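Here are my notes on the model, point by point. Please read them with the structure open.

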Amino acid sequence: MKFSLKAVALSALLASAAVGAPVGVEKRDSNSDRIAACFVGLIFTGAWPSSCKAAVAVDLGLIKTITINQMSMDFTPANPWAPTTSSNNIVATMISIPGITLPIDSVQQNIIITDNGVQLGSIGTPWSAASVNGGTMTTSFTTSALNVFPNAQSAFSQFISALSTSTSHITTLQGSVDAKLNLGIFGHLTIPGIGFKVNTPFQGLNNLNGMKFMILIDTNFDTPGKIIMATIINLKNPSNLSLKLGDVSFSTAAAGGYVGISTIKNLSLVPGDNFVMSITALDTSLGPTNDFLNGLYNADQTLVLTGFSGTSSDAALNAGLAALKSNLVVPMNFVGASLSQVPYKNWSLKVLPTTATDGLVEVTGTFQSGYYGYSLQMLQDEPAGQDNYAFITGVSLGTENMRLFDFNNTLSFTTSGSSSTTVTFKVPFIKFVKSDASRVQELVTFASAKGYVSINLWWIANVVVGGDGITRQVDLGNSGTNAGVMNVAVGSDFASIVNLVPSA
């Protein structure tokens with residue numbers, strides 16, 4: 001049987017009235033009719049004449065709109081003018097062909113990005129799976145370079161600036177799509193050069209407004225004239241862009257003016273919350289720095305982070321991020337700032353047969369990072385000059401604040417930001433004197449009834465956060481972690497501590 005392409009197309013278009021299609025014949029332009037006729041004919045005959053090639057090659061043809069629901073951009077490659085891109089969700093709306101769903105199963109795209117009338121660069125994507133539902137096609141593409149045109153480098157930096165500071169920024173996407181269609185008995189056919197030209201909004205970073213201070217990790221005074229303040233802050237990314245930016249620095253000012261530079265290493269942003277370590281080098285020779293530090297004793301203080309000429313070593317980013325400006329409120333005395341989770345749990349203590357001779361008991365505990373996804377490595381649980389210990393609380397009046405055991409650099413572990421590790425280590429137990437007999441009995445009586453003893457920790461430790469190799473002295477005690485009272489499980493062996501009290 002032979003088909004008339006024109007007759008088939010007309011029949012399909014007229015069918016819209018019967019099936020309730022939203023696009024009527026009278027609303028279609030002549031090129032849309034030609035394109036619809038071409039694809040209907042293709043489906044029924046497998047034919048794709050040169051007239052159809054010309055019909056779909058125009059800018060305003062098959063594809064009407066493009067929405068990029070997710071976009072990843074990596075600015076860390078060596079060439080700053082060839083960042084890599086990818087997307088896991090692109091939706092294109094096409095002209096409606098009533099009663100017909102185009103059997104497109106994969107596409108490759110050749111895209112030119114235009115901003116403010118300037119063609120910035122091009123992206124050529126590999127073949128990627130696609131699906132069509134009615135007049136909507138959904139696809140994606142894997143890592144592909146955005147090659148910035150040499151004469152558009154300044155405009156590209158302005159494009160980055162707009163994305164950094166705006167809630168939304170409209171750009172023009174123009175180019176062509178090659179599509180593979182599964183035509184059943186006619187096999188697969190590739191239709192090259194389907195043109196498009198659409199205005200597409202990109203959601204922007206909006207200056208990262210909503211930046212939030214989470215916790216002070218430590219302060220370092222080793223550099224003359226500087227206080228190095230390591231903090232974790234939350235950068236809220238309101239866009240659908242995932243960005244790898246590398247090392248980024250911001251000029252930092254307090255109410256009185258410039259105070260130093262804040263640096264974030266290997267900055268990557270995903271949509272939503274991003275907990276990152278910020279290292280701020282405060283210049284103590286400056287009046288505004290001292291005013292900021294002194295002001296923290298009495299009130300919240302605001303730091304203003306702005307892009308500047310040294311924000312990034314990437315030439316494209318450096319110019320583009322220069323306009324970014326955001327506020328960070330540091331709470332008075334860091335009140336309210338806390339770890340993401342208590343860094344230890346599920347402790348138990350065992351009195352050993354050798355405790356009477358060597359004075360050591362065995363502690364087992366589970367450790368995890370409280371630094372918002374950053375890894376935690378224990379270097380020294382008892383740094384030089386520190387006196388770290390566990391003490392009894394909430395058992396009895398006679399035992400309140402009684403020292404139970406000391407730390408002595410026997411604890412070592414590394415845990416990722418999302419896992420935990422259970423460690424057993426030995427620590428020196430308290431050395432009793434004869435007058436301790438009554439309160440030791442009180443402690444044993446409580447432990448026998450409850451199966452645990454309640455402790456607090458005084459604990460300043462040397463750790464590495466985030467695997468950066470820098471030793472940081474942090475407060476892991478109850479006050480520094482908001483851990484609250486910890487119940488340490490004990491067994492029947494605990495009763496033997498009464499034998500550790502000397503009789504004379």
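1. Strands β9 (residues 212–220) and β10 (residues 226–234) pair in the antiparallel sense over seven bridges. Strands here are DSSP E runs of at least two residues, helices are H or I runs of at least four, and both are numbered from the N terminus. Two strands count as paired if DSSP finds at least two bridges between them. L216 stands opposite T231 in β10. Five residues lie between the strands of this hairpin, and G225 takes a positive phi near 80°.

2. A word on the basis. This is a predicted model, in which local features need pLDDT of at least 70 and side-chain atom pairs count only at pLDDT 80 or more, while totals for chains, interfaces and linings use all residues. Residues are numbered from 1 along each chain as its sequence is written, and side-chain values use heavy atoms, with hydrogens and water left out.

3. Now the open sheet. Seven strands form it in the order β20-β19-β23-β26-β16-β17-β22, with mixed pairing. β20 (403–406) and β22 (420–428) stand at the edges with a single partner strand each, so one side of each has no neighbour in the sheet. On average, neighbouring strands are turned by 30° against each other, direction ignored. Strand β16 (residues 344–351) runs parallel to β26 (residues 486–490), and two bridges join them. S348 has A489 in β26 as its bridge partner.

4. Helix α9 (residues 437–450) packs on this sheet. The helix touches β19 (389–392), β20, β23 (452–458) and β26; contact means heavy atoms within 4.5 Å. Its direction makes about 115° with that of β23. Axes are lines fitted to C-alpha atoms, for helices over the stretch in contact, and angles run from 0 to 180 degrees between N-to-C directions.

5. Helix α5 (residues 153–165) has 13 residues and reaches 19 Å from its first C-alpha to its last, close to the 18 Å expected. The expected span is 1.5 Å times one less than the number of residues. Buried residues in α5 include A155, I160 and L163. Buried means under 20% relative accessible area, exposed over 50%, and partly exposed in between (1.4 Å probe, protein chains only).

6. How many aromatic pairs does the structure hold? There are 18. F156 and F159 form a tilted one, 6.1 Å centre to centre with 35° between the planes. Rings of Phe, Tyr and Trp (its six-membered ring) pair if their centres lie within 6.5 Å; planes under 30 degrees apart are stacked, over 60 edge-to-face, the rest tilted. Both residues lie in α5, three residues apart. F156 is buried at 1% relative accessible area, and F159 is buried at 3%.

7. Y344 and W347 form another tilted pair, at 5.6 Å and 55°. Y344 and W347 are both buried. One aromatic cluster holds Y344, W347, F367, F405, F407, F413, F425 and W459.

8. Check the backbone at two asparagines. N333, in the loop between β15 (325–330) and β16, has a positive phi of about 55°. N333 is partly exposed at 41%. N482 also has a positive phi, near 55°. N482 lies in the loop between α10 (478–481) and β26 and counts as exposed at 53% relative accessibility.
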